[in-house]
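Please open the model in your viewer and keep the selection tool at hand. The stops below each name something to select and then say what is found there.

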Amino acid sequence: MAALRYLPNSDQDRAEMLAACGLASLEQLYSHLPAEALIERPLVLKPGISEYEIVDYFKRRGAECGAGYASFLGAGVYRHYRPVMCDVVVSRGEFLTSYTPYQAEMAQGTLTTIFEFQTMVSQLTGMEVANASMYDGSTAVPEAALMAMRITGRDRCLVARTVHPEYREVLHTQARNARVHVETFGYDTRTGQIGLAELERLIDARTACVIVQSPNFFGSIEDLKAVADLAHKHGALLVDVFTEAVALGLLAPPECADIVVGELQSFAISPSYGGPYAGIIATKEKFIRQIPGRLVGETVDAGGNRAFCLTLSTREQHIRREKATSNICTNQALIALMATVFMSVYGKAGLRELAMQNHSKARYLADGLDRRFTAPFFNEFVVRAKSPEAVNKALLEKKIVGGLALGRFYPELEDSMLLCATEMSAKAAMDTVKEALS
Amino acid sequence: MAATTGKTRPNITQNEKLLFELSTPGKRGYQLPPMDVPEADPAETLGAGNVRDEIRDFPEVSEVEVIRHFTRLSTWNYGIDLGLFPLGSCTMKYNPRVNETVARTEGLAWAHPYQPESLSQGAMEIVATLECMLGEIFGMDAVTLQPAAGAHGEFTGIMMVREYLASKGNPRKKVLAPDSAHGTNPATAIIAGYEVANIRSNERGMIDLESLAAAIDEDVAALMVTNPNTVGVFEQDIAKICGMLHGKGAQVYMDGANMNALVGIARPGDFGIDVMHSNLHKTFSTPHGGGGPGAGAVGVRSHLEPFLPAPRVKLADGRWTWDYARPQSIGRVRAFYGNFGVLVRALAYILAHGGEGLKKATVDALLTANYVRARLEKRFKIAYDAPSMHECVFSDTLQEARGVRTGDVAKRLIDYGFHPYTVSFPLIVHGSMMIEPTETEPKQELDAFCDAMLAIADEIESNPEIVLNAPHNTRTPRVDEVRAARKPKVRWQRE
């Protein structure tokens, strides 16, 4: 039987172990279970298969998934080149097959990389504290909302309609617990930025936080300073969301926000049909005890050398149980490591150059197209198209996946699509898209 | 000549600075191709106020320094690839390497979640196939793969319970959790908007039926139960317990962290569980990666199916499609469709074993845990006499008499070449030592581990100091965790 390759013990080993246990058969290991719990039949699953057959199965599934197509989809998931180094590092068994670094003396590798990750996320976002990573960008949003509620003692969250629609859905699911109150505010139909006047009407003394995304779902860069001023005037916090981390290489960091959450998929993490990715949450020093999830801190070992360990775990569920800041018990360590390697490879100059390439390509793609909104954009923007579906269908025949038709999330934008260019968008393919849209 | 302790011999390790300290202006580890379009002027296209200055203190290192940096750091770590990793409740089993290969299959790794369904059939089939197989393994009618981790699966499950009860007119107020439960259970109940009531365990390490009966009333929404529970014991009265909750219109949630003890032997759906999660990074071998990514598949009985997160994959006219028309759904718990890359690895694991192989793995997991118990129970006090399933839990009472606690034994184990067991959990066991070897440990490795534990028991008699001050052989001796928390320093800053 093929699966035996993962089971290292021989029948002789099994017999010896059984004897040491004082048992006569393997069945005796579970014969004490109540009869109504035991399953009397074998599981209805096919017999195990070999490594070769497994590789072949997934190759065939992969072949059904449009490998070799150019793509202009963004909307929270971006096609960026993945430096070879990232997979080389995360494939090392010492990282890949290790556990959450509770035992600091034999996990300094993981702990040091997380400390570097936290530092780089702080540097990129202009925040003072970042945690060891979140599940992804979408789940970081309700965590930020809950954190803002703990800090302010208020229960109302105002979220912009220009925040990624699926991130908002995740926030609304959280709000079903009857303790979080979420309201949505609209956008300026000319600029594609948030409607500041509408926000001003909604914000009140119950508002814990205002949640905006920049660049937002339409690619429009928001005036965060104006939102921060308004939120702070009412004693609320500003939560800034990002989905395209490469933009941080070029855009001013969201320093005026109180909490920054976002998605690092752009940093060497394969699109992988939606995950796994890694989210971030970063904030000001004064809120450190309210941040959810794992935190790594610097300390010393018994020899007086610098060392790292998990810290402030009294915030966490395994110590605080029902009084914890969150039920989160893992981060996305390996994905965060991938992003850390990516940030090291590109570094200070590289991230900026990469961001410049993305922005320049997107500017080229947008040039001459009928842009829906006027606000500046980084590498995504909305264009009008009489029928986005027809444009995409025509492009598909040329092995190009076009933009995201916006009607599914914004009924009023049925005649629009969201296009994204990255450093991997070739001029020839962009020209084909421009032609199809003009 | 350096001395050998257990499996280890001290060797030279490399010191390594932080990336920021290695950094030298002008160094780079990348090269981008020349652009085929004109370069934008960001001050003009974005507005000068929107453009950042340099990213201060961001690293500047060469490619050679990058690979050396991370390789050196990796040598300070321990993983399953190096040896037994007996963390109880964590199921640190071998992570088959082919699973890493197939997760990087080009069409799958580069699939965008919004690409047309016509170009996503293979990925959707993987999701549907895994849902179906897990349903069979759990004895559940439907499975969602959207939750990103076990605790996230708990949240998903309890929110479904809430919506289900709300649809009957009252979401109710309380969730019950035994005092042996993982900390995530009570934390989840709170996040889902419930109060928590703790249920006492009895002298057999199982839920105390009298305490439970006293706690169940019309305000109880659900009981969150781990089975086998966190002392590695199967809840013998589980069917009765489920009946008690159902009798009052409440639901039973099973934390499937310990599912590795049951696959192919018993199915939660068959013994009365309404909703459960299973950590695919435990039972189904996807790598822990130093703390994620994981995936928390959630299985439900049919009455909860309408409340599953949307969208659901379904077959229509012979093609896979995402079904968003789910009016009773709790909504999304995560963007897109879950940690797909983790799902690929879990499916590869199930395909490799098949039904018979999965059961064989489970039986071996029970065997290794019971073997370790048998070898250690003369020198360490077993917490409960009840038969162990896939893990065995000891109390440090015999060691405490000599001033040595579970945390000290754990640190000394490191000197012998092993990652420690789970320390001080579950909370109901005094000085808990929770050991889960898993089925992928050869007897030689188990023997080396037991020999190490017994040698430590001897040391505690003859020379407790050596245990109290452990570890001695690691490059990093005991780390001062108290100091780290006193004035937290969570990022590097230029002096």
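Where in chain B is the place of Ser89(B)? Select Ser89(B) and you will find that residue in the loop between α3 (63-74) and α4 (97-103) of chain B, where helices (H or I, at least four residues) and strands (E, at least two) are DSSP runs numbered from the N terminus.

Before going further, note that this is a predicted model, in which local features need pLDDT of at least 70 and side-chain atom pairs count only at pLDDT 80 or more, while totals for chains, interfaces and linings use all residues. Residues are numbered from 1 along each chain as its sequence is written, chains are lettered from A and ligands numbered from 1 in the order in which they are written, and side-chain values use heavy atoms, with hydrogens and water left out.

**Two serines with positive phi**

Most residues other than glycine have a negative phi, and most peptide bonds are trans. Ser89(B), however, has a positive phi near 75°, and with a relative accessible area of 5% this serine is buried (buried means under 20%, exposed over 50%, partly exposed in between, with a 1.4 Å probe and protein chains only). Select next Ser285(B), in the loop between β6 and β7 of chain B; its phi, near 70°, is also positive, and Ser285(B) is buried at a relative accessible area of 1%.

**Two cis peptide bonds**

Now display the backbone from Asn227(B) to Pro228(B), where the peptide bond is cis with omega near -5°; Pro228(B) belongs to the loop between β4 (220-226) and α10 (238-247) of chain B. Move on to Ala310(B) and Pro311(B), which are joined by a cis peptide bond with omega about -5°, and note that Pro311(B) sits in the loop between β7 (296-300) and β8 (312-316) of chain B.

**Domains of chain B**

Colour chain B by its domain assignment, which gives domain 1 (19-74), domain 2 (98-352) and domain 3 (364-482); such bounds come from an automatic or database assignment. Between domain 1 of chain B and domain 3 of chain B, the C-alpha centres lie 46 Å apart.

**A last stop in chain A**

Finally, select Met424(A), in the loop between β14 (416-420) and α13 (427-437) of chain A. Met424(A) is partly exposed, its relative accessible area being 39%.
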